[in-house]
Amino acid sequence: MPGLCFFSTGCHFDPDVGTEELGHLEMIGAIVHQLTRNLNDEQVREGGFAPYFVDHTTGVYPTAASGFPWNAASMAVKGDVICDLSEDMAAEQKARVTYDNILRMSDDPDVNNVIRFLREREIVHFQRFGEAKRTRGIELLTQGRRRSAAALIYMGHKKSATEMRRIVL
C-alpha cells in the first residue's frame, strides 16, 4: 500500500494518510465485489475467475493481478527518513501505473471514474512525499546529520567539486 511505510516510522506517523490509503484498498475491494457478486458459474469459468472463486467465492481477498496475496512484506521500512520517503514515492508511482493499466483495459465508466480519482490521489501523495523529502533532507543537512554528496546533489544544490568536498568533509 503506497504511503504507509513512511508513516509507520516512529515519530513521523500521520494517521490521516494511513487511513486514506486503507480507504483506497476498501474502494478497490468494493469495485471488485460489485463486479463479481452476481456472476453465475459459467461467467466464473469463462472469465478465468474459477481459481479465485474456489478459494474465496466472491469475497474480497487482496491480491495482485498475478495472484500473489498482498502482505506487509511489501512495506519496506529502513528507519531513515530520506530512504523511507523514497520508498513511498516509488510505491505511489507503482500504484499510479497500475491505475493507468486498469484504465487502458476497462470500459466501465463507473469503475473508470473511481480509478481516475484514486490515480489523482496517488499523484498528490507522490508530490507531498517529494516535498517532505526535500524539506526533511534540507533539515538533516543543516543539522549536520546527513552529509552525503548524493543527498546534496538530490536537493538541487549546484556546487563545484571543491565546495562539495568542503561540505561533505
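E92 sits in helix α4 (helices here are DSSP runs of H or I with at least four residues, strands runs of E with at least two, numbered from the N terminus). This is a predicted model, so local features need pLDDT of at least 70 and side-chain atom pairs count only at pLDDT 80 or more, while totals for chains, interfaces and linings use all residues. Residues are numbered from 1 along each chain as its sequence is written, and side-chain values use heavy atoms, with hydrogens and water left out.

What does E92 do with its charge? E92 is buried yet has no salt bridge. Buried means under 20% relative accessible area, exposed means over 50%, and partly exposed is what lies in between (1.4 Å probe, protein chains only). A salt bridge takes a side-chain nitrogen of Lys or Arg within 4 Å of a carboxyl oxygen of Asp or Glu. For E92, the nearest side chain of opposite charge is R121, 8.5 Å away (Lys and Arg count as positive, Asp and Glu as negative; His and the chain ends are not counted). Still, the E92 side chain does make a polar contact with the side chain of H125, at 3.5 Å. That term covers a pair of N or O atoms within 3.5 Å; within protein, one must be able to donate a hydrogen and the other to accept it, and residues adjacent in sequence count only if both atoms are side-chain atoms.

Since R121 lies in helix α5 (residues 109-142) and E20 in helix α1 (residues 15-36), the pair ties together parts that are 101 residues apart in sequence. E20 itself is partly exposed, at 24% relative accessible area.

Next, D100 and R119: their closest N and O atoms are 2.3 Å apart in another salt bridge. D100 belongs to helix α4 (residues 81-105) and R119 to helix α5, so this pair links parts 19 residues apart in sequence. D100 is buried at 15%, whereas R119 is partly exposed at 25%.

R128 and E131 both lie in helix α5, 3 residues apart, about one turn, and their closest N and O atoms are 2.9 Å apart. R128 is partly exposed at 41%, and E131 is too, at 35%. Elsewhere, salt bridges that share partners join R96, D100 and R119 into one network.

How many salt bridges is that by this rule? The count comes to 4.
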